[in-house]
Amino acid sequence: MDNVNLTNDVRMGLGTISIGRRWGVNWTQLPTLGAALHLFFLAHTLGIRVFDTAPGYGFSEQRLGQFLKQLDHDQLAQLTVMTKCGVHWDFDRSTDYVDHSYDALCRSIDQSFDRLWKVDVMQLHQASVETLSDSGVMRAMRYARDRGAHLLGASVKTPTAARLAIDNDEIDVIQLPYNPGSPQMKDSIRLAASRDKTIVINRPFGMGKLLDDRCVSDAMKTPIDAFRFILAQPFSGVVLVGTKSERHLQDNARAFQSAFG
């Protein structure tokens with residue numbers, strides 16, 4: 001696990017959903033492959049070393065894989081590549097679908113390892129109480145570890161599922177949404193931190209809703225406020241920012257650094 005560093009306090013990572021499929025309140029169109037690669041290189045220049053993707057993110061895994069192929073050995077070793085299994089993409093219909101069966105999970109895991117040069121963290125996508133209690137699901141996650149994933153994780157949406165993932169000794173990483181407009185996972189963050197789990201925060205801006213001028217609340221006026229709200233919790237891990245805009249990425253990187261001030 002020497003090349004996996006998710007627990008050096010809290011760092012910013014890049015969520016790659018919007019470079020592979022429609023996502024967020026102000027999404028316009030899918031970026032070209034060239035634009036996506038340029039965004040990845042910009043993220044790397046800004047010091048971002050954690051990249052989060054998933055098969056259910058459309059073309060995201062393939063595009064991230066193209067970026068990883070252009071890095072040298074030392075650059076690649078410094079990155080933490082996170083992906084998921086359980087939500088799949090139908091390229092003919094341009095939509096995702098869920099299949100947590102053992103065979104489907106294993107096929108997805110194999111596909112992710114083929115698309116990406118490495119997988120440091122394999123997460124169960126849309127992990128629920130039912131899937132986390134399924135012996136076949138956990139057997140598939142062990143298969144991912146046997147394939148080379150250094151850490152196993154669960155991406156959850158509810159406190160109940162979070163608690164089950166936190167109680168599972170085989171799960172190292174808990175990914176969950178947390179922002180001023182959706183604070184219900186606060187206790188889950190604290191519990192996970194007390195169990196030495198790595199925490200990955202997604203949707204820090206509520207898929208962009210909290211930054212929309214029409215939706216601004218007293219709880220948050222700027223990205224700095226959103227980051228400070230998150231960083232007020234005691235945890236080690238990553239805050240994911242999902243964007244396909246170079247300007248937004250640069251602005252968010254500056255805001256994240258300012259939030260520590």
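Phe40, Phe41, Phe51 and Phe67 form one aromatic cluster, where rings of Phe, Tyr and Trp (its six-membered ring) pair if their centres lie within 6.5 Å. Keep in mind that this is a predicted model, so local features need pLDDT of at least 70 and side-chain atom pairs count only at pLDDT 80 or more, while totals for chains, interfaces and linings use all residues. Residues are numbered from 1 along each chain as its sequence is written, and side-chain values use heavy atoms, with hydrogens and water left out. Helices (H or I, at least four residues) and strands (E, at least two) are DSSP runs, numbered from the N terminus.

**Aromatic pairs**

- Searching the whole structure turns up nine aromatic pairs.
- Take phenylalanine 40 and phenylalanine 51: the ring centres sit 6.0 Å apart with the planes at 75°, so this pair is edge-to-face. On angle, planes under 30 degrees apart count as stacked, over 60 as edge-to-face and the rest as tilted.
- That pair links distant parts of the chain, with phenylalanine 40 in helix 1 (residues 33-45) and phenylalanine 51 in strand 2 (residues 50-52), eleven residues apart.
- Phenylalanine 40 and phenylalanine 51 are both buried, meaning under 20% relative accessible area, against over 50% for exposed and in between for partly exposed (1.4 Å probe, protein chains only).
- For phenylalanine 40 and phenylalanine 67, the ring centres are 5.4 Å apart and the planes are at 35°, so the pair is tilted.
- Here helix 1, with phenylalanine 40, is linked to helix 2 (residues 60-69), with phenylalanine 67, across 27 residues of sequence.
- Phenylalanine 67 is buried, and so is phenylalanine 40.

**Salt bridges**

- The count comes to eleven salt bridges, each one a side-chain nitrogen of Lys or Arg within 4 Å of a carboxyl oxygen of Asp or Glu.
- Arginine 147 forms a salt bridge with aspartate 110, and their closest N and O atoms are 2.6 Å apart. Since arginine 147 lies in helix 6 (residues 135-147) and aspartate 110 in helix 4 (residues 102-115), the pair ties together parts that are 37 residues apart in sequence.
- Arginine 142 forms a salt bridge with glutamate 170, with 2.8 Å between the closest N and O atoms. Arginine 142 lies in helix 6 and glutamate 170 in the loop between helix 7 and strand 8 (173-177), so the pair ties together parts that are 28 residues apart in sequence.
- Arginine 142 counts as partly exposed at 34% relative accessibility, as does glutamate 170 with a relative accessible area of 21%.
- Arg142 and Glu170 also belong to a network of salt bridges with Arg145.
- In helix 10 (residues 246-259), aspartate 251 and arginine 254 are three residues apart, or about one helical turn. Their side chains meet in a salt bridge at 2.4 Å, N to O, and aspartate 251 counts as partly exposed at 29% relative accessibility.

**Helix packing**

- Helix 7 (residues 159-167) and helix 8 (residues 186-194) pack at an angle of about 5°, with their axes 10 Å apart. Axes are lines fitted to C-alpha atoms, for helices over the stretch in contact, and angles run from 0 to 180 degrees between N-to-C directions.
- That angle makes helix 7 roughly parallel to helix 8 (under 35 degrees is roughly parallel, over 145 roughly antiparallel, 65 to 115 roughly perpendicular and the rest oblique).
- On the helix 7 side, Pro159, Ala162, Arg163 and Ile166 meet Ser188, Leu191 and Ala192 in helix 8, with contact meaning heavy atoms within 4.5 Å.

- Serine 94 has phi near 55°, a positive value in a residue other than glycine. Serine 94 lies in the loop between strand 4 (87-90) and strand 5 (95-98) and is exposed, with a relative accessible area of 52%.
- Glutamine 126, also not a glycine, has a positive phi of about 50°. Glutamine 126 is in the loop between strand 6 (121-124) and helix 5 (129-132) and counts as partly exposed at 32% relative accessibility.
- Glycine 237 sits in strand 10 (residues 237-242) and is buried, with a relative accessible area of 0%.
- Glycine 237 and alanine 193 are 44 residues apart in sequence, and their C-alpha atoms are 9.5 Å apart in space.
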